[in-house]
Amino acid sequence: MNKKLTIALGAALLVFSACSATPREKLQNEGKLGIIWFQNSGEYQALTHQAFNAGKKAYLENKTNGKNAVIVDLDETMVDNSPYAAWQAINGQGYSKESWDKWCEAKEAKALPGAVDFANFVANNGGEMFYISNRTSNLYEATAENLKALGFPQVDSKHLLLKENTSDKAARVNHVKDQGYKVVIMAGDNLDDFGSDLLHKSNKERVTYVNANEKKYGEQWIILPNPMYGGFESGLSPDYMKLSPKEQLKVREASLNPWSGK
Ligand SMILES: [Mg+2]
């Protein structure tokens, strides 16, 4: 086959495969630029350092002589699961408990830039790290081993609190407080990580909540960027997570706020 014909056929095949993508594949394709930014940009790493630098400063300013707790989420707050997201995007796969558990059990998550240093800073300055994650409790051993191998301190059954029966983190946060700790800092990549009642709320409600609490960010609450997934997506419409991929694509399109072009 001559070279021109091969190129033309290749291009036609690409166009055909783009047109024939299933709604699920289209959804996953839309996520690629966010994953690329997360995995490749200096800006992302600068933001994680900015978050943890602010966290250290705020911790020193607000810690007490008593029991100090720093409560952090794990996924995309302390550790990087972007290879799982990239696998989903390349293979047109949605989230599934089966594939997620397999990824977690592989213990291949890396630490986010600055995260291990931040956690050890807290541990070396009179604080205790509490890792409150919605990884399910069957993933406890794998998660603990992964965290320990990365150098995170205080990884034990007192400090690593995974999901037993509810995604709402409030009960686990209260469990820490009930033991006499002052929660000096909380860190997360999702507004739901801060013990607030925002689970399954709309983005309008989430934005209102953020603005009502604007002074806490960088002081008591440290937020990490995550463009790959999160409450912002389910907050696009009621029952978003129950919609078909085709309907989800429509909701996403409708949520764009465009310039008129005139
Ligand atoms: Mg997270």
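Okay, before anything else, one definition: when I say contact, I mean heavy atoms within 4.5 Å. You'll also hear me name helices and strands, and those are DSSP runs numbered from the N terminus, with helices being H or I of at least four residues and strands being E of at least two.

A quick word on where this comes from. It's a predicted model, where local features need pLDDT of at least 70 and side-chain atom pairs count only at pLDDT 80 or more, while totals for chains, interfaces and linings use all residues. Numbering runs from 1 along each chain as its sequence is written, and side-chain values use heavy atoms, leaving out hydrogens and water.

So, the overall picture. The protein has twelve helices and seven strands, and its C-alpha atoms fill a box of roughly 75 × 45 × 35 Å along the principal axes. Of its 262 residues, 40% count as buried. Buried here means under 20% relative accessible area, exposed means over 50%, and partly exposed is in between, using a 1.4 Å probe and protein chains only. And if you take contacts between residues at least 6 apart in sequence, 75% of them join residues at least 24 apart.

Now let's go to the metal. Which residues coordinate the magnesium ion? They are Asp73 (OD), Asp75 (O) and Asp189 (OD), at 2.1 to 2.2 Å. Donors are N, O and S atoms within 2.8 Å of the metal (3.2 Å for Na, K and Ca), and water is not among the atoms, so sites may look incomplete. Along the sequence, the donor residues follow the spacing D-x1-D-x113-D. Asp73 sits in the loop between strand E1 (67–72) and strand E2 (79–80), and Asp189 in the loop between strand E6 (181–188) and helix H10 (203–212), so this pair ties together parts that are 116 residues apart in sequence. Asp73 is buried at 6% relative accessible area, and Asp189 is buried too, at 13%.

Stay in that loop between E1 and E2 for a second, where we also find Thr77. Is Thr77 buried or exposed? It's buried, at 0% relative accessibility.

Next, helix H12, residues 245–254. Here Gln248, Leu249 and Val251 are buried. They cover an arc of only 165° around the axis, which puts them on the same side of H12; that arc is taken from the directions from the helix axis to the C-beta atoms. On the other side, Lys246, Lys250, Glu253 and Ala254 are exposed. What covers the buried residues of H12? Helix H2 (23–30) is part of it.

Thr22 is partly exposed, at 35%.
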